Amino acid sequence: MTQQLQHLLDMADLPNVTIQIMPLAATPHPGMLGPFEVVRFPNPWPTVVNLENIRGGYFVEGTDDVKVFETAFDRVVAAALAPDLSRETIRTTMQKIMEERKEK
């Protein structure tokens with residue numbers, strides 16, 4: 001598990017990656033309703049939303065429909081820990097795991 005956590009820290013150092021942890025005690029947020037991906041492309045292509053479920057996936061297109069998911073995504077981000085605090089939480093978790101291994 002420590003290797004997986006280290007990989008997350010390595011990925012968080014990339015300029016195009018943001019990792020935020022959602023605490024168990026977070027306020028209710030739209031992410032609790034199920035997964036979705038807001039997929040942004042460079043101009044002139046429009047932003048789309050990818051939804052997946054047990055029967056497969058589909059894309060949501062159209063400015064009004066996509067805006068609902070962009071707003072929902074902003075609410076999920078607001079409920080999560082900030083990126084710096086998320087990285088610190090990952091480091092702390094790694095340290096705890098390594099300390100527990102030493103005790104055994």
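1. A word first on pockets: on a 1 Å grid over the protein atoms alone, a pocket is an open set of points where a 1.4 Å probe fits, with protein on both sides within 12 Å along at least five of seven lines; its lining residues have an atom within 4 Å of a point. The largest pocket here is lined by Asn16, Val17, Thr18, Ile19, Gln20, Ile21, Met22, Phe73, Val76, Val77 and Ala80.

2. Please keep in mind that this is a predicted model, where local features need pLDDT of at least 70, side-chain atom pairs count only at pLDDT 80 or more, and totals for chains, interfaces and linings use all residues. Numbering starts from 1 along each chain as its sequence is written, and side-chain values use heavy atoms, without hydrogens and water.

3. Now the sheet: 3 strands (DSSP runs of E, at least two residues) form an open antiparallel sheet in the order E1-E2-E3. E1 and strand E3 (56-60) are the edge strands with a single partner each, so one side of each has no neighbour in the sheet. Strands count as paired if DSSP finds at least two bridges between them; E1 and E2 have 4 bridges. Across this pair, Phe36 faces Leu51 in E2.

4. Have a look at the loop between strand E1 (36-39) and strand E2 (48-53), where Pro44 is found. A cis peptide bond links Asn43 to Pro44, with omega about 15°.
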